[in-house]
Amino acid sequence: MKIIDRYVYTVTKRLLEKDRREVEENLRESIDDMLPDNYTEADVEETLVTLGNPALLAEKYRDTPHSLIGPALYNNYLSVLKIVLIVVVCSAPLMTFLSLLTAEPVENGLNLVVTFFVQILAFIFEAAFQAFAWVTVLFAVMDRVNSPYFRWPYTGKEWTLSDLDDTVPSKKNEIGKSDPIVSIIFTLLFITVFGFFPQLIGGYMKLENGWNIIPLFNLDALRQYLPLLLVSAGLSLMVDILKLIYQKWNRTLAIINAAVNVFSIGVLIAFLLNRSIFNDQFHIRIAQLLETDPAVIVKTWQWGVWGIVAVAILFGMIVDSISGFRKAAR
Amino acid sequence: MPEMDELFSIFDTELKRGTLTLIVLSQLQQPQYGYSLIQNIAEKKVEIEAGTLYPMLRRLEKQGVLVSDWDTTESRPRKYYQLSPDGQELFRRLKENWARLSRNMKEILGE
C-alpha cells in the first residue's frame with residue numbers, strides 16, 4: 001500500500017541513517033500486526049491514524065540524545081555566550097577603526113563616516129556569528145563528552161562540603177562582570193595593535209595627500225619582544241576569565257592575579273627600559289617640531305618612561321595585587 | 001487556576017510513565033503479539049497507545065529484556081514477544097519494589 005510507504009517514510013526520515021532500516025522493519029511489522037485479516041484501505045488508514053503523528057512516533061523510536069546542549073551545561077553556555085557577544089560588540093568600533101586606518105584612503109569625510117558605521121555593523125555581524133558558532137560547537141562537544149570535570153565543582157570527583165566557597169559573594173569581595181569584560185576588550189585590542197599593526201602606533205602628521213605616520217617603536221626591536229608581550233596578554237586574559245568564573249575574590253585567584261601582575265609588569269619594564277625599542281626618528285621629528293635639541297627630547301622621554309614604569313609598578317603591581325588579597329580575606 | 005488541567009496532565013503523565021513498562025512486562029510472561037497486548041491491557045482498563053507500545057517493545061528487545069519469535073503456524077505470521085530470563089529477573093525485582101512502594105504510598109496518602 002502506498003500510504004503505508006508514505007507514513008513509514010515520514011517517520012524514518014526523522015531518524016539517524018543507521019537506525020532507519022531497522023526501525024522501518026519494526027514499524028512495518030507493527031502496522032501489519034495491528035491490521036485485521038483481509039484488511040481494506042479504510043482499515044489501513046484507521047491504523048495509521050491510531051499510530052499517531054509520525055514526528056512524535058519518530059521521537060519515541062529515537063535512541064540518541066534529543067538536545068544539542070543538555071540542561072546540565074545550558075546555563076553555563078548562555079552566560080559564556082553573553083560575555084563573548086558583549087566582547088565582540090564592544091570591540092567592534094576599535095577593530096573597525098584599525099582596519100580603516102590601514103585601508104586605502106577614501107575621498108571625502110562623509111564617505112568615511114558612512115564606511116565606518118557600515119563596517120562596524122559588518123564586523124559585529126560576522127564576528128558575532130563566528131563567536132556564536134564556536135561557543136555552541138564547544139559546548140555541544142562538552143555535552144557529548146559528558147565528563148565530570150565539566151560539572152561543578154570541576155574536580156572530576158563527587159562534591160563534598162569542602163568544595164563550597166568559604167564565603168558567599170558580598171559587596172566587599174565580589175568581582176563585577178564589567179571590569180573583567182572591559183579588561184578583555186582592551187587586551188584583545190592590545191594584541192591586535194601590537195601583533196598586527198605596530199606601525200600604526202606613532203606620531204601622525206597631516207600631509208597634503210593624507211597622513212604621515214612616524215612609528216613610535218623600532219619595529220625590528222619590537223618584534224623580539226612580541227612573544228613575551230603576547231604571553232603576558234594571554235595570561236591577563238586567563239585572569240579575566242577566572243574572575244568571570246569565580247565572580248568573587250578568593251586566595252587562589254588573588255595569588256594568580258598577583259603572579260600575573262608581577263610577570264606582566266616585569267615584561268613591561270624590560271620592554272620600556274630598553275632604549276633601542278624606540279624609534280630615533282620619532283624623537284628627531286618631535287625635536288624638529290619643537291625646535292629644540294633632540295638630546296633634550298630623548299632625556300625628557302626617558303623621564304617620562306620612568307614615570308610610566310613607576311605608576312605601573314605602584315598601581316598595576318602593588319595596589320591591584322594587595323587589593324586582591326585583602327578582598328579574598330573578607 | 002486556568003492551567004489546572006494542563007498541570008494535571010503533566011503530573012499524571014510523569015506518574016504513569018514507569019508503571020506502563022511494568023504493566024507491559026507483567027503481560028509478557030506468556031508470549032504475545034503487539035496487538036493482543038494492547039487489547040489485553042485495555043481490558044484491564046489501562047490505556048496504552050499503539051504509538052507508545054511498539055517503540056517500547058523494540059527498545060525492550062534491544063535492551064535484552066524481551067525476546068521475540070515469529071509464529072508462522074497461523075494464517076498470517078506474527079511476531080511474539082516474551083520476557084527473556086534476564087527480563088524475568090528484572091520483572092520480579094520491579095514487582096517487589098512496586099509492592100513496597102504501594103504499601104508506603106498507601107500509608108503516606110492514608111494519613
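Let's start with confidence in chain B. Its mean pLDDT is 91, and 97% of its residues reach 70 or more. pLDDT is the predictor's confidence in each residue, from 0 to 100. The model as a whole scores ipTM 0.85 and pTM 0.66.

Some ground rules. This is a predicted model, where local features need pLDDT of at least 70, side-chain atom pairs count only at pLDDT 80 or more, and totals for chains, interfaces and linings use all residues. Residues are numbered from 1 along each chain as its sequence is written, and chains are lettered from A and ligands numbered from 1 in the order in which they are written.

Now chain B itself. It has four helices and three strands. Helices (H or I, at least four residues) and strands (E, at least two) are DSSP runs, numbered from the N terminus. From that end, the order is α-β-α-α-β-β-α.

Look at β2(B), residues 66-71, and β3(B), residues 78-83. They pair in the antiparallel sense over six bridges. Pairing needs at least two bridges found by DSSP. The two strands form a hairpin, with six residues between them. B:D71 faces B:R78 across the pair.

How much of chain B is buried? Of its 111 residues, 19%. Buried means 20 or more other C-beta atoms within 10 Å of a residue's own; exposed means 12 or fewer; partly exposed is in between; C-beta atoms are placed from the backbone.

Next, where the chains meet. The contact takes 13 residues from chain A and 14 residues from chain B. Two residues are in contact if their C-beta atoms, placed from the backbone, lie within 7 Å. On chain A's side, α2 (17-34), α3 (41-51) and α4 (54-61) each give two or more residues. α2(A) gives the most, with five residues. By class, chain A's side has five nonpolar, four polar and four charged residues. Nonpolar covers Ala, Val, Leu, Ile, Met, Phe, Trp, Tyr, Cys and Pro; charged covers Asp, Glu, Lys and Arg; the others, Gly among them, are polar.

Let's stay with α2(A). What is centred on A:V23? A kink of about 25°. The bend at a residue is the angle between axes fitted to the seven residues ending there and the seven starting there. A:V23 is also one of the buried residues of α2(A), along with A:L27, A:E29, A:S30, A:I31, A:D33 and A:M34.

Last, the span. At 1.5 Å a residue, the 18 residues of α2(A) should span 26 Å, and the end C-alpha atoms are 26 Å apart, so the two agree. The expected span is 1.5 Å times one less than the number of residues.
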